[in-house]
Amino acid sequence: MRLSKVLSVTKWEYIEKVKTKAFIISMIITPIFIIAMIVLPGLLAEKSDNDTKRVGLVDLTDSLSAKVINSIESQYLLENGKPNYNIIPIPHNNESEDVLRKRVDKMSFEGKFETYIIIGKNVFRDGKCEYRGSNVSSIRDIERFTRSIKNAISEVILIQKGIKPEILKEINRPVDIKSIKITEEGEAKESGFLQTFFTSYIFIILLMMLIMLTGQMLIRSLVEEKSNRIIEILISSCSPTELMAGKIFGLSLLGLTQILLWIIIGVGASISFSLNIVSLDNLLLIIIYFLFGYLLYASVFVAIGSMSNSEQEAQQLTGYVSMILVLPIVLAFSAVQDPNSTLIRVLSYIPFLTPTFMILRIPILLPPIWEIIVTILILIISIIFMTWVAGKIFRTGILIYGKKPSLIELYKWIKAK
Amino acid sequence: MLEVKNLHKEFVNKIAVNDISFTVNKGEIFGLLGPNGAGKTTTIRMILNIILPDSGVVLFDGKPFTEETKNLVGYLPEERGLYQKNKLFDTITYFGSLKNLKISEIKNSANYWLKKFELAGNEGRKIEELSKGNQQKVQFIISVLHNPDMIILDEPFSGFDPVNQDLLKEILIELKNNGKTIIFSTHQMEQVEKLCDNICLINNGEIILSGKLTEIKKNYGNNSIIIEFSGDGSFIKDFKGIKHCNIFENYAEIIVNNDFSVKSFLDEVNKKIDIRKFQITEPSLHSIFIEKVGNASKVKEVIS
């Protein structure tokens, strides 16, 4: 293999692709998309209300409303110090429950309040209440109301049993749990579940997008070269191995450029929005898996591109690749809950899943060092093997036109001298 | 210069090239002829080490053709294509650098050839903005940019208008006079007749005719008649002693046997149609091609 020819190909693949509109657009759009995807749901879910919510309350037991109102209004405050909820007691006229519901629903539609609670007549026995309104989807609101009503009920029961109100206050004091992640170095750092989760998540999505994006570019250029026979001029100037190596290097450089830009944009964004969504522990290890994963998939795309005659044909195959890449995201939730589960551990030893699953596991719970060494070795061996296979397929595939090769034909290509 | 020895290549269920051997001398123009699917392109690809033969060798200046030899050879593939979205000069630079040219050498050579093909000033344009003919010129430039000793052209004339065909012909002769060896394959026999020193005719992967063009024609002798006429000439094919004939709307080319009587033929023809030209000559390569390849109807399709 002659370096000068490899470099010629590398330079061409890199410079000509960096200049394309598709690359420039994705370079800018992708990070915006990722940041939006990660930040927006978080912001929306965590966002506290800006205004006091008016909530109606019908107490069919006639014994809880004062306590519930007091507890809700005093306990939950907005950022500006005003109460988060304004509870409006609604008298019931001993009418039937259906009539009551109709009447109060109407009040809600008239805008007297947004939602309302009915404390059931038999709440002391069956605990049944109702929360009604046109928008009752806030889990946080429901959770708060439930807790307040429950506290009020226990208060009433305990007072009946002769417990003093001061003691009740102590019993009902809320507990605030702060989660702190510890590392072996003994540093304790405050860390949320979301942060570890997003770290895995962001790196896997970045890897996935990068592989798909540059992979598609590689395929597009290979299919173009094949379909208009540029490949013959190329192969009459350099060897297929040189051509393939040049393409993979160019592609990797392209990927690195993209990562670098994304990191710059990411750091810039997190500074300017003062977001701390990514935990940067073990970043180096993540980057190693990231790069190895990238190289492994690059050889897959070389193989796909060289045996396809059109982009549509290639797309079927890249579809499977993206399914493999998405798998860890599907399993991310269970991995967070139990990072040492047998399933997750076994899957991280399957070469094509190793990079993404290790990236998934590292931020959650650093796997033992021997697992890291073994998986990296598996990756290196797979990269060498896949590049060899891809080289064989490439050598034959780029000059074969017409129908897609069968698995038997592929095997013959790989076995060919 | 180039020796091809017993090249053999089989694809899945077809023998593409069967035991082909020929020699191309330095400074000559060599024609590789044959109908579509005859194995010309496969032969060329094996010469260039693009695909490996099952058996046989290719010697370049007495040594096996290696990766290094690729720098000394230029190649224009049959089906034309270039990177459509890239700029002309960038494209030329890339292919030049793949032949180990320095950037200054690329610039000099590109300027020379672009001027020659009246393309100077288009360096910054995208390939897709050029006409098909001009794209083809760019491809030709790419094949000669690195001043190769040997140039292999697969159907170089197809796609060019007559003016550019003449331009290309002049350039090929110029290259030959500069000592370059040129191998080209074509279906256009008149170009071969005007340019080639030696030819090799391939059909179904085998050589069916090869040698010096002048000698091949001489061997056929003056047994060919060309008539230009107006009227219905279809009766000609039934005349006694005709070995082979090609009849067109107002032109016919006939290869005859020994028992053919020119006088009675001329009398008969004169009666039935209006003769504008009657010539007894050596056969055109076209006729030889068709006679040799045999399946005339199939070939006519190819040639037209």
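Q: Which conventions apply to the numbering and to the values?
A: Residues are numbered from 1 along each chain as its sequence is written, and chains are lettered from A and ligands numbered from 1 in the order in which they are written. Because the model is predicted, local features need pLDDT of at least 70 and side-chain atom pairs count only at pLDDT 80 or more, while totals for chains, interfaces and linings use all residues; side-chain values use heavy atoms, with hydrogens and water left out.

Q: How many residues from chain A and chain B does the contact take?
A: Contact means heavy atoms within 4.5 Å, and here it takes 27 residues from chain A and 30 residues from chain B. Buried area is the accessible area (1.4 Å probe) that two parts lose on being put together, summed over both; between chain A and chain B it is about 2700 Å², with carbon and sulfur atoms giving 53%.

Q: How many residue pairs are in polar contact between chain A and chain B, and which elements supply the side of chain A?
A: A polar contact is a pair of N or O atoms within 3.5 Å, where within protein one must be able to donate a hydrogen and the other to accept it, and residues adjacent in sequence count only if both atoms are side-chain atoms; 20 residue pairs between chain A and chain B meet this rule, both at pLDDT 80 or more. With helices (H or I, at least four residues) and strands (E, at least two) taken as DSSP runs numbered from the N terminus, α1 (3-18), α8 (193-227), α9 (230-235) and α10 (240-272) of chain A each supply at least two residues of the side that touches chain B, and the largest share, six residues, comes from α1(A).

Q: How many salt bridges are there between chain A and chain B, and where do they lie?
A: A salt bridge is a side-chain nitrogen of Lys or Arg within 4 Å of a carboxyl oxygen of Asp or Glu, and four are counted between chain A and chain B. In one, the closest N and O atoms of B:E67 and A:R2 are 3.2 Å apart, and this pair crosses from the loop between β5 (63-64) and β6 (73-76) of chain B to the segment before α1 of chain A. In another, B:R45 and A:E232 have their closest N and O atoms 2.4 Å apart.

Q: Are B:R45 and A:E232 buried or exposed?
A: Buried means under 20% relative accessible area, exposed over 50%, and partly exposed in between (1.4 Å probe, protein chains only); B:R45 and A:E232 are both buried. In the other pair, B:E67 counts as partly exposed at 21% relative accessibility, whereas A:R2 counts as buried at 17%.

Q: Why does A:T214 count as buried, and which residues does it touch?
A: A:T214, which has its place in helix α8 of chain A, counts as buried because its relative accessibility is 1%. Not counting residues up to four places away in sequence, A:T214 touches A:L251, A:L254, A:G255 and A:Y294.
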